[in-house]
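Welcome! Take a moment to look over the model below, and then we will walk through a few of its features together.

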Amino acid sequence: MAYQTKQHQALLRCLEGQGQAVSVSELAQALRQEGCPVGIATIYRQLERLEQAGLVHKISTDEGALFQYCFQEGTHRDCFLIKCERCSRIIHVSCSHLAPLYDHLEREHHFLINPRKTIFSGLCAACAAQGKEESK
């Protein structure tokens, strides 16, 4: 990514600091609180550039798009998201153990997985533990 404005740098810093997927309005509010107000249109434009550069995951939900900083370097083949079905938290994961699955699906089923758009659903550790407590 060549030229970076102050707003671009502030947005990237803000995303890195969030640690979770956030909406554009949440980003705008966080930037205002940091003393760097950025217009919504500018945020969308910058997020599009960051997504194209592989620095941001764009997650489409029923409520609208969410964005999460991607700390994965390189090809992003080991990069994916997991979403808790109970608390809706989305977690960025970097794990090479899925590569054999991706390879199998490509070789045997002629299907190429896009790890940048792959989201696995289940229960996070906290929600799974809470479920066990409730069933006692």
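Which residue forms a salt bridge with Glu108? The partner is Arg107, and their closest N and O atoms are 3.6 Å apart. Keep in mind as you read that this is a predicted model.

**Salt bridges**
- Searching the whole structure turns up two salt bridges.
- One of them brings together the side chains of Glu51 and Lys117, at 3.4 Å from N to O.
- This pair links distant parts of the chain, 66 residues apart: Glu51 belongs to helix 3 (residues 40–52), while Lys117 lies in the loop between helix 4 (99–109) and strand 5.

**How exposed the partners are**
- Glu51 has 25% relative accessibility, so it counts as partly exposed, whereas Lys117 is exposed at 51%.
- In the other pair, Glu108 is partly exposed, with a relative accessible area of 46%, and Arg107 is exposed with 51%.

- Three strands make up an open sheet with mixed pairing, in the order 4-3-5.
- Strand 4 (90–94) and strand 5 (119–122) are the edge strands, because each pairs on one side only.
- Direction ignored, neighbouring strands of this sheet are turned by 30° against each other on average.

**Strands 3 and 4 up close**
- Strand 3 (residues 79–84) and strand 4 run antiparallel and are joined by five bridges.
- Across this pairing, Ile82 stands opposite Ile91 in strand 4, and Leu81 stands opposite His92 in strand 4.
- The hairpin of these two strands has five residues between them, and Ser88 takes a positive phi near 70° there.

Note on methods:
Residues are numbered from 1 along each chain as its sequence is written. This is a predicted model: local features need pLDDT of at least 70, side-chain atom pairs count only at pLDDT 80 or more; totals for chains, interfaces and linings use all residues. Side-chain values use heavy atoms; hydrogens and water are left out. Helices (H or I, at least four residues) and strands (E, at least two) are DSSP runs, numbered from the N terminus. Axes are lines fitted to C-alpha atoms, for helices over the stretch in contact, and angles run from 0 to 180 degrees between N-to-C directions. A salt bridge is a side-chain nitrogen of Lys or Arg within 4 Å of a carboxyl oxygen of Asp or Glu. Buried means under 20% relative accessible area, exposed over 50%, partly exposed in between (1.4 Å probe, protein chains only).
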